[in-house]
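Take a walk through this model, one part at a time. Keep the sequence open beside the coordinates.

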Amino acid sequence: MSTVETVALVKHYDNDVIAVNSIDLHIKEGEFLVLLGPSGSGKTTLLRMIAGLEKVTSGKIYMGGRDVTHLPPRARNLSMVFQSYALYPHMSVFGNIAFPLKAKGLPYQERKKKVEWAASLFGIEQYLQRKPRQLSGGQRQRVALARALVHEPSVFLLDEPLSNLDAQLRASARDEIKQFQRRIATTTIYVTHDQVEAMGMGDRIAVMNHGNMHQIGTPQELYREPADTFVATFLGSPPMNLLNQKECIIGFHPEHFLPKDIIHEESPRFEFPFRVTRVEYLGADRFVYGIVPSESGHTRVISKIPSLVTVPLETDQLYTFAVLKEDMKYFDKKTGKRIDPIPFSMAVFEHAEV
Amino acid sequence: MSVAEQPKNPTTSAPKKERTWEYALDNERLLGMTLLLPAVIYIILLVAVPFFLAIAYSFSDATIGDQSLDFVGLETYERVIKNPTFQTALYNNFRFTIIAQVLVTTLSIILALILAQDFRGKWLFRFLILLPWVTPIALGSVGWLYMLDTLYSPIDYVLREVGFLANVEGKGEFVRSLTNILQDIGIVEKDTALKLNCEMRGTREICFFNMQWLAQPDTALYSVIAVHVWRMLPLSTIIILAGLTAIPKDIKDAVAIDGVGPIREFFEVTLPLIAPITGIATLFGLIYTFTDVIVVAILTKGNPANETQVLPYWAYLKGIQGTNLSEGAAIALFMFPFLLVVAVITLTLISRREVT
Ligand SMILES: Nc1ncnc2c1ncn2[C@@H]1O[C@H](COP(=O)(O)OP(=O)(O)O)[C@@H](O)[C@H]1O
Ligand SMILES: [Mg+2]
């Protein structure tokens, strides 16, 4: 168990790509941190630098307070699960899990005991003699987890370990990894581009884009108080609605954008004309797609209405929807950064032709 | 509304001429056969016909002058086997091939490991490595003939310059030569004569020692093997390099994370992963070296005293130069069982190659 810290960490590739741009991270002991960002945002590069697989252009990495910036991976006592699982194809499952122990010079009997322990954690005892190619995707993933875990690392790194699984398996594997991490309480850095996965698993989430860190916080913080428009639109399904106003950008979550009539009369609110274009019924919720007038013409907006609310909504009809004042977020027009609430003109909504 | 009255789709309304030949190539069997035909004709005319002709010749008493196929049973084979030169040639074929291939496989793995590293000027290095393979083997062998020349060998010159071979005034002086060293460690036999070439320069007599690479049985043998190694090394290296580059980066990273040292990594990860492709490279090399006639034909002609004789050249000497077609055919056919075994193993290996 150990803390992980990066200070102004930078990675330039030879082709002038700035993959990671001055990242400061402080991961607490036993914490589950998710690195979240779209493809190409530099998550893997950052993780590989922490692992010691990628040279650092500048900046520092500390583990448990020790400077490990220029140490090789094996000096960092960590383990990693790769997106491809990277199992040794010519070794049996037993050989794969035992390999890191062999490198440490453990005698056979002890290796055997540890391998059996790790295999039982993930329910793969009966496959120990098989080769990786004789296993399903889910089983391979468990072998990779068992191998990563068997030598009791102090830091556990996972790079999109679930992206090769089908949706159902992914949901159960997500649970398992999370529970398992709780149990062993090993500091974990988990990379994903899937915000649902991130929201479900992370103690904290670090949101990256183009090599920059946009925000680090708990799932609730990111959701309630997004630091900028990127975070706001990257999280949530569907993500936050943004409207370009003269003074600023305003934003509100689909579940906060509701028919005026169901909001308490006296609550302070903003009202918007909303022309419904499509309604989707998704069991517990109703997704209502439509357009709202804004400074830059008409903007597509989504409303997420719990199915308890049975207000009839027809396509091509004009309704009045509202957002509570306290639920409205404000962003700077130039930088996209979150700002304190400022008054903005509602004129565009009042005389709108939608 | 009945089906007939339905408005016609305008794109299909105009009757289109049936042009079935347009789709002839869509028929996979037909396409496959068309593409294979040239290869099949080639194999029948240039491989199968000569092969069966050789079998027929070997059971007859055919000569170049009289090619009639009179059946004589195993008489030709008996005569061929009893010839001591044939026995040497058969032995040499295996000896050259196996020693050369052990060296080639070992060296090419080492070379491929070096070439797989990142360093400046890698492309130039790779190009130079590949050079012997793109050089016609006859040309390469002639080059080696000069390198190993009895009198003017540049190798001997270098050895003399660095002091391994004597370059002395007068016959009386004896300088410990490379040959002596080789004799001491048992690579060259004790009774090998050291040849001293002397010439008058003005009033002085200058003598050179020469290795006489191709004139002595053991050095001639090593020379032939060395040229085979020189010849096969590039292809083998490139094939194994391809195998090395095909190892996924994630696997190498996993090795680094698992904290495995380079020696264990090589023997327990890299080598097993390149084993199938190394096996294929090795089997290719075996076939090339086993059937090669050019190196011996140009370098030694089987000399000294047929000590470096090999089956294909012996078959040529007997069958074409000696005009004894039946014996030549019989000698050549002795290569067949070995080649068949190697070919079968190669094909099995290729079809079974693990895809991970
Ligand atoms: N080995 C490399 N050489 C050059 N550029 C690279 C290399 N690896 C990644 N990159 C670039 O760095 C950026 C970040 O990549 P990566 O860390 O893989 O992102 P992510 O894991 O978030 O998808 C991308 O623009 C990618 O093209
Ligand atoms: Mg990635």
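Start with chain A: the C-alpha centres of its domain 1 and domain 2 lie 39 Å apart. Domain 1 of chain A covers 4-224, and domain 2 of chain A covers 238-350. Domain bounds here come from an automatic or database domain assignment.

Some ground rules come next. This is a predicted model, in which local features need pLDDT of at least 70 and side-chain atom pairs count only at pLDDT 80 or more, while totals for chains, interfaces and linings use all residues. Residues are numbered from 1 along each chain as its sequence is written, chains are lettered from A and ligands numbered from 1 in the order in which they are written, and side-chain values use heavy atoms, with hydrogens and water left out.

How confident is the predictor? For the complex, it gives an ipTM of 0.85 and a pTM of 0.79. Chain B has a mean pLDDT of 81, and 80% of its residues reach 70 or more. Here pLDDT is the predictor's confidence in each residue, from 0 to 100. Residues 169-176 of chain B fall below 50. Beyond near neighbours in sequence, that stretch still has 20 contacts in the model, a contact being heavy atoms within 4.5 Å. Where pLDDT is low, the predicted coordinates should not be read in detail.

Now look at where the chains meet. In the contact, 18 residues of chain B face 22 residues of chain A. The two chains bury about 1800 Å² between them, with 63% of it on carbon and sulfur atoms. Buried area is the accessible area (1.4 Å probe) that two parts lose on being put together, summed over both. On the chain B side, B:Asp250, B:Ile257 and B:Asp258 lose the most area to chain A, together 33% of what that side buries.

Which side chains carry charge across this interface? Chain B and chain A share two salt bridges. A salt bridge is a side-chain nitrogen of Lys or Arg within 4 Å of a carboxyl oxygen of Asp or Glu. One salt bridge joins the side chains of B:Asp253 and A:Arg48 (2.5 Å, N to O). Helix 10 (249-257) and helix 11 (262-291) of chain B each supply at least two residues of the side that touches chain A. The largest share, eight residues, comes from helix 10 of chain B. Helices are DSSP runs (H or I, at least four residues), as are strands (E, at least two), numbered from the N terminus.

Turn to the inside of chain B. Its assignment gives domain 1 (24-58), domain 2 (81-150 + 215-355) and domain 3 (154-211). The C-alpha centres of domain 1 and domain 2 of chain B are 28 Å apart. Five residues from domain 1 of chain B and six residues from domain 2 of chain B make the contact. These two domains bury about 460 Å² between them, 87% of it on carbon and sulfur atoms. B:Phe51, B:Tyr57 and B:Ser58 supply 81% of the area that domain 1 of chain B buries there. Between these domains there are zero salt bridges.

Finish with the backbone. The peptide bond from A:Ser237 to A:Pro238 is cis, with omega near -5°. A:Pro238 sits in the loop between helix 8 (229-234) and strand 11 (241-244) of chain A. In chain B, the peptide bond from B:Asn303 to B:Pro304 is cis, with omega near -5°.
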